[in-house]
Amino acid sequence: MAFFTLKATSYFSCSSETSLPSLPFKPLKLPPFWPWQKVKVGPLSVSPMGFGTWAWGNQLLWGYQESMDNELQRVFNLAVDNGINLFDTADSYGTGRLNGKSEKLLGKFIREFQGQRRVQKDIVIATKFAAYPWRLTPGQFVNACNASLDRMQIEQIGIGQLHWSTANYAPLQERALWDGLVAMYDKGLVQAVGVSNYGPKQLVKIYEYLKARGVPLCSAQVQFSLLSLGEDQLEIKSICDSLGISLIAYSPLGLGMLTGKYTPSNLPSGPRGFLFKQILPGLEPLLSSLKEIAQKRRKTIPQVAINWCISKGTIPIPGVKTVKQAQENLGALGWRLSSQEVRQLEYAASESPQKMIQNIFQTS
């Protein structure tokens with residue numbers, strides 16, 4: 001008490017020429033979201049937004065170099081320090097000899113995290129197992145799960161996901177992969193089971209198949225953004241809502257097209273540049289609407305685009321490569337677009353003649 005009185009006296013008695021002493025405490029920093037705002041995915045509680053790690057190890061599309069690893073670790077630490085506990089990866093993420101690199105980096109970053117043990121244990125890894133043509137039996141799919149556990153050096157995966165459906169070209173393999181999901185769940189290798197790139201019909205089929213075997217389908221991961229708002233995506237969302245499946249929205253920024261960073265005369269290098277050249281010229285209504293709301297809200301265009309996904313009841317997983325990107329993405333939390341703003345954005349999306357190309361692996 002005496003310390004406080006002394007500080008107060010010195011503050012009020014100082015002359016105008018004397019500089020004020022710094023406060024003995026730091027300004028209160030509010031978290032991006034509160035613990036009660038976490039989202040249930042089956043038995044798990046996850047942050048309203050996760051981070052995607054497709055770029056971690058991908059040289060072809062995202063220009064990954066091993067020199068980026070220190071920055072990626074800072075990205076991970078910043079995310080966890082701000083309450084993000086959902087990280088999405090895949091056993092196929094990584095180019096060539098770097099296959100599986102994303103999983104390895106995640107495992108390393110978890111082990112080396114310097115924060116509280118409780119926070120470290122709360123991290124949920126959602127990894128996807130590729131439906132490679134040589135994975136023909138349930139046992140081989142379980143082996144893929146064990147290989148991911150070894151790469152990350154963890155005992156259990158949060159959400160084990162089938163990366164894509166083979167129903168369109170190898171229906172017999174599809175059934176074996178479903179049985180593989182059942183086996184890894186029954187063995188306790190994963191806490192929850194999910195799928196990725198499943199269309200409406202196939203999503204209902206696998207839900208019913210797993211349910212008959214006592215395995216709840218907890219999540220469905222699809223491309224979901226203002227740029228890919230089609231009938232299939234809306235039907236998938238409706239099915240997820242009716243069956244209690246959490247929808248994880250990947251590419252919420254349309255590979256970067258919804259960041260406002262690129263124009264038809266300023267394109268990214270590599271394969272993305274070719275895609276952007278086809279789509280960006282038709283996005284003016286949507287980008288203008290995003291910019292208008294961002295300025296009004298004192299937010300950035302990416303923050304508005306990500307928040308739209310949250311407002312639609314999905315869990316977006318924007319990709320991150322830099323601390324700057326991570327900081328910006330975190331700004332999508334802690335607020336919510338109004339229903340009028342949501343409608344405005346969706347109308348602008350409908351008025352934009354170009355849409356994101358649908359993932360070739362998504363089934364009907």
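**Close-up views of a predicted model**

View 1. L255 has its place in the loop between β9 (246–250) and α10 (271–279), where helices (H or I, at least four residues) and strands (E, at least two) are DSSP runs numbered from the N terminus. The model is predicted, so local features need pLDDT of at least 70 and side-chain atom pairs count only at pLDDT 80 or more, while totals for chains, interfaces and linings use all residues. Residues are numbered from 1 along each chain as its sequence is written, and side-chain values use heavy atoms, with hydrogens and water left out. The phi of L255 is near 65°, a positive value in a residue other than glycine. Most residues other than glycine have a negative phi. L255 counts as buried because its relative accessible area is 15%, the classes being buried under 20%, exposed over 50% and partly exposed in between (1.4 Å probe, protein chains only).

**View 2. Backbone of R298 in a loop.** R298 is found in the loop between α11 (284–297) and α12 (301–311), and its phi, near 55°, is a positive value in a residue other than glycine. With a relative accessible area of 79%, R298 is exposed.

**View 3. The aromatic pair of W56 and F109.** A search of the whole structure finds ten aromatic pairs, a pair being rings of Phe, Tyr and Trp (its six-membered ring) whose centres lie within 6.5 Å, with planes under 30 degrees apart counted as stacked, over 60 as edge-to-face and the rest as tilted. Among them is the edge-to-face pair of W56 and F109, with 5.7 Å centre to centre and 65° between the planes. This pair links distant parts of the chain, since W56 is in the loop between β3 (51–52) and α2 (59–62) and F109 is in helix α4 (residues 101–112), 53 residues apart. W56 is buried, with a relative accessible area of 1%, and F109 also counts as buried, at 0% relative accessibility.

**View 4. The aromatic pair of F76 and F113.** F76 and F113 form an edge-to-face aromatic pair, 6.4 Å centre to centre with 85° between the planes. The pair links distant parts of the chain: F76 lies in helix α3 (residues 69–81) and F113 in the loop between α4 and α5 (117–121), 37 residues apart. F76 is buried at a relative accessible area of 0%, and F113 is buried at 8%. One aromatic cluster is formed by W56, F76, F87, F109 and F113.

**View 5. The packing of helices α7 and α8.** Helix α7 (residues 171–186) and helix α8 (residues 200–212) pack at an angle of about 50°, with their axes 11 Å apart; the axes are lines fitted to C-alpha atoms, for helices over the stretch in contact, and angles run from 0 to 180 degrees between N-to-C directions. The two helices α7 and α8 are therefore oblique to each other, given that angles under 35 degrees count as roughly parallel, over 145 as roughly antiparallel, 65 to 115 as roughly perpendicular and the rest as oblique. The contact (heavy atoms within 4.5 Å) is made by E174, R175, W178, D179, L181 and V182 of α7 and by Q202, K205, I206, Y209 and L210 of α8.

**View 6. G139 and M184.** G139 lies in helix α6 (residues 138–152) and is partly exposed, with a relative accessible area of 38%. The C-alpha atoms of G139 and M184 are separated by 9.1 Å, although these residues are 45 residues apart along the chain.
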